[in-house]
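Thank you all for making the time this morning. I would like to walk through one structure with you, going from a pair of charged side chains out to the chain as a whole.

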Amino acid sequence: VMHACGHDIHMASILGVATQLKAQENEINGRVRIIFQAAEELGHGAKKVVATGALDGVKAVLGFHNYPTMDIGDFAIKKGPITSAV
């Protein structure tokens, strides 16, 4: 029995990106923060992340959400707010 809502793929993806960024640390100009937004499907997770101060001083945010109906190897990019509510 499992919840299977996608948090596993999100956590695995974040850890994979963090590992790759750490391996290239000397080539990165600036600071990178890895943030996992809990409760995104409930519509209040982002507000809680902001309230912690984790985004203080941040100049840009890159978000990721899996889209299981896309073909393997495909990806999509959108500019601006997206999936910001339930």
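Let me start with lysine 22, which is exposed, with a relative accessible area of 54%. Please keep in mind throughout that what you see here is a predicted model. Which side chain does lysine 22 meet in a salt bridge? The partner is glutamate 25, and the distance from N to O in that salt bridge is 2.8 Å. Glutamate 25 itself is partly exposed, with a relative accessible area of 43%, and that label applies because the value falls between the 20% limit for buried and the 50% limit for exposed. By the rule used here, the count of salt bridges comes to one.

Let me turn next to the nonpolar side of the surface, where Met11, Leu15 and Phe36 make a patch of about 250 Å². Of these, methionine 11 lies in helix α1, which covers residues 7–23, and with a relative accessibility of 35% methionine 11 counts as partly exposed.

The other helix I want to point to is α2, residues 45–52, and this is where lysine 48 has its place. Is lysine 48 buried or exposed? Lysine 48 is exposed, at a relative accessible area of 55%, and the C-alpha atom of lysine 48 is separated by 8.5 Å from that of glutamine 37, a residue 11 positions away along the chain.

In the segment after α2 we come to alanine 54, which counts as partly exposed at 23% relative accessibility. If we leave aside the neighbours within four places in sequence, alanine 54 is in contact with Arg33, Ile35 and Val49. For arginine 33, the separation from alanine 54 is 21 residues in sequence, and 8.4 Å in space from C-alpha to C-alpha.

To finish with the whole chain, the secondary structure comes to two helices and zero strands, and of the 86 residues, 8% count as buried. The accessible surface comes to about 7,900 Å², and carbon and sulfur atoms account for 58% of that surface. Finally, if we take the contacts between residues at least 6 apart in sequence, 41% of them join residues that are at least 24 apart.

Methods:
Residues numbered from 1 in each chain as written. Predicted model: local features only at pLDDT ≥ 70, side-chain atom pairs only at ≥ 80, totals over all residues. Heavy atoms only, no water. Helix = DSSP H or I, 4+ residues; strand = E, 2+ residues; numbered from the N terminus. Buried < 20%, exposed > 50% of the residue type's maximum accessible area, 1.4 Å probe, protein only. Patch = residues over 30% accessible without salt bridge, like charges linked within 9 Å, V, L, I, M, F, W, Y side chains within 5 Å. Areas by Shrake-Rupley, 256 points an atom, 1.4 Å probe, with all protein chains shown as cover. Salt bridge = Lys/Arg side-chain N within 4 Å of Asp/Glu carboxyl O. Contact = heavy atoms within 4.5 Å.
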